Structures are given as structure tokens and as C-alpha cells.
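Please open the structure in your viewer and keep a selection panel at hand. The stops below proceed from one selection to the next, and each says what is to be found there.

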Amino acid sequence: MTLITPLLDEEIPELAAFINECWRTTYGGFIHASFLAGLTAAEQSMRLRGQRDRGQVGVLARSDDGELVGVVTYGPTHLEVLGDAGEIGKLYVHAPLIGTGLGHRLLTIAEDALTAMGYSRIGLDVFTANQRAVDFYHAHGYVTVGRKIDHIEGHDYPLDIMAKDMPSLGSTETSSTGHTARSQRLHVPDTVDVVAH
Ligand SMILES: CC(C)(COP(=O)(O)OP(=O)(O)OC[C@H]1O[C@@H](n2cnc3c(N)ncnc32)[C@H](O)[C@@H]1OP(=O)(O)O)[C@@H](O)C(=O)NCCC(=O)NCCS
């Protein structure tokens, strides 16, 4: 079983360490090693607080014993090409759980919440070399609408900017997370959600 709860400020340092571990595991094949080796939880926490201050919220997934196994953050986009779309900020699943459906579950929660916030279009950016993630988003209806380059310590890394149009919610429609559109205006699931996988 997996517990899904809204991300709290006091959980940011733990999330930062989790994201650093995911970056090292996922990006090891294509981002230079010295950057990944030098990642610190303090710097990652600063990035997360910056995202929060720009309006991103999120949910965490935890295993029965409380271990952090997944995250999705979402909110208004910072990507100019996406205009006033909503954005999936960070989506990471603990490596041993990849392919178990948790990524789909987290993405769906974020899409439902963004739709309830009134966004009719959702976008994200993903390293072009991260083929598994690009395929995952394609399978969920996202198409590449632009490209950008991240400059990291003198190296250039291309990213795909992907987006999809969402069907609008009726005023009383219930989302796949079981929350009504009204409760989702709180921007995060308002109850603990338990998912089996
Ligand atoms: C990308 C990531 C979040 C996906 O999460 P996941 O838990 O592995 O994905 P799921 O188990 O939900 O989905 C696995 C597969 O089923 C597909 N799938 C699942 N539910 C689906 C649905 N309802 N509709 C369409 N496709 C679906 C997925 O596209 C994927 O296809 P595959 O079998 O060809 O790989 C995860 O692999 C991950 O954390 N990777 C490392 C970090 C990363 O790259 N994050 C993204 C950064 S932008």
C-alpha cells in the first residue's frame, strides 16, 4: 500500500534528499558526473522553496513504513512557451517502484488538481535524453511543443517542452482521485489517499 499526502514545508529537506537520489539514478547516463556528485540537500531544498514561492504545491507517496517513494509537484508554469498553462514540476518514483503504476497515479493526481484549478492545458519539461520519461508522457497524451537548453556548469542539455489539452471539469464532476472539483480548488488532495499497487 502507498499513502499519498500533501507536501508540507517541513518535509522539504527529506524531499530534497530523495530528489537528489533520483537525479543520480536517472540522470547518471547523460548528465556530467561532477554535477550529480556535488548535489546537496541544502541546495535542492532552496530550489524546492523557490518553486513553492512561485505557487507550486505537491503530494508525496510513502510506503507502509513511512519511506518516501514518490513525489509530484504542480502549479502555474514558468515556461514562457506554455503561456498560462499549468505545469507538472517534479515527478519522481523511487527506482525499485518504477513501472508499478505509481508514476501514473501521481501524474493523474496532479492533472486532476490542475484541471480543478481551472487550467485547460498542462505542460512540463523533460530532458530529451530521458527516453523513459518522454515515452511515459507521450503515452499519457503529451506532445512536444518546443525545446530548450539547460546550461549546467558549462554543459548544454536539451529538454523537450511537452503539453496536453485537458477536458474541462463540470462544476459538480468528481475526479478520478475521488475529490469533487470544489475540494480540489484547495490545490492539493484534502484527505489522505491510500493506493494499492
Ligand atoms: C517517469 C516515471 C515518473 C514514470 O513512473 P512509473 O511509475 O515508472 O510509470 P508507471 O508504472 O505508472 O507506467 C509504466 C508504463 O505504463 C504506461 N502507463 C501506465 N498507465 C497508463 C495509462 N493510464 N495510460 C497510458 N499509459 C500508461 C506508462 O506510459 C509506462 O509505459 P511502459 O510500460 O512502456 O514503460 C518514473 O519512471 C520515474 O520516476 N523515472 C525516474 C525519474 C524521472 O525520469 N522523472 C521524470 C522527470 S521529468
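**Starting at a strand pairing**

Select Glu87 and then look across to S5, where the bridge partner of Glu87 is Gly123. Before going further, note that this is a predicted model, in which local features need pLDDT of at least 70 and side-chain atom pairs count only at pLDDT 80 or more, while totals for chains, interfaces and linings use all residues. Residues are numbered from 1 along each chain as its sequence is written. Helices (H or I, at least four residues) and strands (E, at least two) are DSSP runs numbered from the N terminus, and two strands are said to pair if DSSP finds at least two bridges between them.

From S2, continue to S1, residues 2-6, which pairs with S2 in the antiparallel sense over five bridges; here Ile4 has Ala61 in S2 as its bridge partner.

H4 has 15 residues and reaches 21 Å from its first C-alpha to its last, close to the 21 Å expected at 1.5 Å a residue, the expected span being 1.5 Å times one less than the number of residues. Because 13 of its 15 residues are buried, H4 is largely enclosed by the rest of the structure. Just after H4, Gly118 takes a positive phi of about 105°.

Which residues touch the most other members of the largest nonpolar core? Among its 37 residues, they are Leu15, Val72, Ile88, Leu106, Ile109 and Ala110; a nonpolar core is a set of buried Ala, Val, Leu, Ile, Met, Phe, Trp, Tyr and Cys residues joined through C-beta atoms within 7 Å. Center the view on Ala110, which touches Val72, Tyr74 and Ile88, not counting residues up to four places away in sequence; contact here requires C-beta atoms, placed from the backbone, within 7 Å.

**Around the ligand**

Next, select the ligand and the 20 residues around it, of which Val93, Gly103, His104, Ala133 and Ala139 come nearest; a residue is near a molecule if its C-beta atom, placed from the backbone, lies within 6 Å of it. By class, the shell has ten nonpolar, eight polar and two charged residues, where Ala, Val, Leu, Ile, Met, Phe, Trp, Tyr, Cys and Pro count as nonpolar, Asp, Glu, Lys and Arg as charged, and the others, Gly among them, as polar.

Move to Glu43, which has its place in helix H3. Is this residue buried or exposed? Glu43 is exposed, with 12 other C-beta atoms within 10 Å, and its C-alpha atom is separated by 10.0 Å from that of Ala17, 26 residues apart along the chain. Just after H3, Gly55 takes a positive phi of about 100°.

Finally, select Glu153, in the loop between S6 and S7. Glu153 has a positive phi of about 45° although it is not a glycine, and the residue is exposed, with 9 other C-beta atoms within 10 Å.

**Zooming out**

Show the whole protein chain, which has six helices and eight strands. Buried residues make up 31% of its 197 residues, and among contacts between residues at least 6 apart in sequence, 61% join residues at least 24 apart.

Definitions and conventions. A residue is buried if 20 or more other C-beta atoms lie within 10 Å of its own, exposed if 12 or fewer, and partly exposed in between; C-beta atoms are placed from the backbone. Two residues are in contact if their C-beta atoms, placed from the backbone, lie within 7 Å.
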